[in-house]
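Please read them beside the model.

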Amino acid sequence: MSLMCKSCSKAVLNKKFNIKLNCHDDLVIALAGNPNVGKSTVFNALTGLNQHTGNWPGKTVENARGNYKHKDKKFVLVDLPGTYSLLANSVEEQVARDFICFGKPNATIVVTDATCLERNLNLVLQVMELTDKVILCVNLMDEAKRKKIKVDIKGLEKELGIPVVGTTARSGEGLQELMDQVYEIALGFQTTSPRPLVYTPDVEWKIEELTPKLVELLEGKLNPRWVALRLIEGDPTILDSIRNFLYDDKDSNAQEEVACIYEC
Amino acid sequence: MNVNQGYQSYKELITIQNELYEEGENELRDSIVSSIYMQAEEIANKVVERDQTKKFYWDKKLDDILTSKYTGFPIMFLILGFVFWLTVTGANYPSAVLANVLFDIEGELTNWFMSVNAPEWIHGMLILGVYRTLAWVVSVMLPPMAIFFPCFTLLEDLGYLPRVAFNLDKLFKKAGAHGKQSLTMSMGFGCNAAGVIACRIIESPRERLIAMLTNNFVPCNGRFPTLIALATIFVGGWVGSQYSIFAASLFVSFLVLIGIGVTLLVSWALSKTLLKGVPSSFTLELPPYRRPQFGRIIYTSMIDRTLFVLSRAVVVAAPAGLVTWILANVMIGNQSILAHGAGFLQPFAHLIGLDGFILMAFILGLPANEIVLPILIMSYMSKGSMIELDSIQAMKELFIANGWTWLTTLNVMLFSLLHYPCATTLWTMKKESGSTKWTLFGAIMPTVIAVVVLLVITQVVRLLGLV
């Protein structure tokens, strides 16, 4: 892929994920989260759309998308299917992983349920491994309060090294702050320092062994440590995805054209 | 450019993974996963503080009851029955009012056409064809939908539907299908086309196909009004007025159970024959119970569902009304085209306990199940029935005048439940499976089942001399 047109980094969004931007300046935000944490409610509250929200898992099969404006910028919000992890055990997990990994959104919001944060944090940590442009949205704060569960938002922010916002999407509480944080991160006004996941020594040693070779092969397109982990765990889907997204240059010219016809 | 280079890199990555595999490094997967979980737990413990004094066990208790082996299914049946009861009771009066208003307007329109000396056929096509069909669709379908859909959405919002899916999950696995099919089937209650799309959540192609092919055995939005209307006027009628509504709702619930039963049976048969294989496993999480958002429920069920289904019905019903009127009024010899068609189908229709007009209505109703009943009514009316159709009761009289017995009603309901899916669903099936062969199978297989079921019932009933 040539670097003639810098904005063509968004071509993959168009081509593989069918996301059309009206303007080069539109910012793409991914919305990830476990099933049933109110992801669609957050999506609706931000975009003003009425994506059907249902209280059951597996409702969002496709990536739904909607737009919103905050301050001077336009945002395209992509609602990913609800998943418990990004380990590609299911189609949903693969879709979510591929979007965050290869779609390179300007920022990713991970929505979690304040009443069962422990389970939700697995996904958060995995997303943080993929990208440092992450905002954690701890949703359902009202229910946590009702169940007398206290979540230390500031403490969590410190532990994770990314912005954390407590919200009650149903009543709109905290959404303004969420949009502010997304704006800061997406535009790079604020940087994060995600806490790295540490593995057992044998895994770490293996990663180290693989890294030099991977750095060379990936040419900075993907995080070598992350790819090393996927190879070690023997994920069969990751190589297909790499081939599909990074090396599928059959029609790279057409791709650039598509990307370059956006009008501002 | 660097196409080849890219491919080389990909090749090398494959080599690395293969080497790792041979070294047995894949055993590290568990270690990776547990590292992630441990760190998540560690962080959560630092920032989350739970009040230990007050524990919330009520939702667990409720789950125990709702998903219990013994009480799960009876409760499901009762809730379903209650929703139908509410629908039938609540829809009666507004349906009658709507019908009155709409047919008063028809009178006015007819007068107007008379006063401007419009040709008879224009009046026939527009008023007796298009308008009358629309009026029927609206007055018969709108009130039940306006009650049924909010109830259904309420159950969904409360978190009851996943419990239903949980109850059915085991059965689907026993049938050799994927547990998630219980979810896609539940979606089918809304709309079979949506249910077929939802089958994407099932990874295994074999299981996805089973789920797609059997989705139409649960009645959708388009068929519920038909089933409810027929149950109200007939089943209700047989048991004496004080229990009529109760019996009607019980009967519709019973039909739904038959639909689920057939879904399981066909899934099982398919997984033993054409689509052999072992079911893959998955974990179904029971989401927490939530306080429903009433505003959203009303909005979703009114705009997304009621208006959507109604407008679809109207869009399809208007041209269908026109076509039906033409078919019913253009004469070839001394009979209308419709009557010729019905006459042609009559011997076969009689064999399975229907009549030629009913079969014609189902065939013309392929675009949308909503319009089967209106088409049928128009067909009968054009035969020269003198009945004024201004109430639901009149519909019953019309049907009886056309020789309906309880067997006919039962057969129509079963046929509606089991026959081929509507054109939209078939089209979706084609798009989702990418196979014309399986789409055709998805149309023919249910129809064959419907015909066989009707044939057996009809012949047995006639043999025993029950009608």
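1. A:Arg170 is partly exposed, at a relative accessible area of 27%; buried means under 20% relative accessible area, exposed over 50%, and partly exposed in between, with a 1.4 Å probe and protein chains only. This residue forms a salt bridge with A:Asp142, and the closest N and O atoms are 3.8 Å apart. A salt bridge here is a side-chain nitrogen of Lys or Arg within 4 Å of a carboxyl oxygen of Asp or Glu. The pair links distant parts of the chain, 28 residues apart: A:Arg170 is in the loop between strand S7 (164–166) and helix H7 (175–186), A:Asp142 in helix H5 of chain A. A:Asp142 also counts as partly exposed, with 26% relative accessibility.

2. On provenance: this is a predicted model, in which local features need pLDDT of at least 70 and side-chain atom pairs count only at pLDDT 80 or more, while totals for chains, interfaces and linings use all residues. Residues are numbered from 1 along each chain as its sequence is written, chains are lettered from A and ligands numbered from 1 in the order in which they are written, and side-chain values use heavy atoms, leaving out hydrogens and water.

3. Chain A has 11 helices and 7 strands; helices (H or I, at least four residues) and strands (E, at least two) are DSSP runs numbered from the N terminus. Of its 264 residues, 61% count as buried.

4. Two further salt bridges of chain A deserve a look. A:Asp235 pairs with A:Arg97, with the closest N and O atoms 2.9 Å apart. A:Asp235 sits in the loop between H9 and H10 and A:Arg97 in helix H3, 138 residues apart; both residues are buried. The other bridge joins A:Glu159 and A:Arg195 (3.0 Å, N to O). A:Glu159 lies in helix H6, and A:Arg195 in the loop between H7 and H8, 36 residues apart. Salt bridges that share partners join A:Glu159, A:Arg195, B:Glu42 and B:Lys46 into one network.

5. How many residues of chain A are in contact with chain B? There are 77, and they meet 68 residues of chain B, contact meaning heavy atoms within 4.5 Å. The rule finds 4 salt bridges across this interface. A:Glu233 and B:Arg29 meet through their side chains in a salt bridge of 2.7 Å, N to O. H8(A) gives the most to the side of chain A that touches chain B, with 8 residues.

6. A:Thr115 lies in the loop between strand S4 (107–113) and H4 of chain A. It counts as buried, at 11% relative accessibility. Its side chain makes a polar contact of 2.7 Å with that of A:Asp113; a polar contact is a pair of N or O atoms within 3.5 Å, where within protein one must be able to donate a hydrogen and the other to accept it, and residues adjacent in sequence count only if both atoms are side-chain atoms. Beyond four places in sequence, the contacts of A:Thr115 include A:Leu140, A:Ile149 and B:Arg50.

7. In chain B, B:His419 is found in the loop between helix H17 (406–418) and helix H18 (423–433). Is B:His419 buried or exposed? B:His419 is buried, with a relative accessible area of 1%. Its side chain has a polar contact of 3.2 Å with the side chain of B:Asn369. A polar atom of the B:His419 side chain also lies 3.1 Å from the backbone oxygen of B:Ser416.
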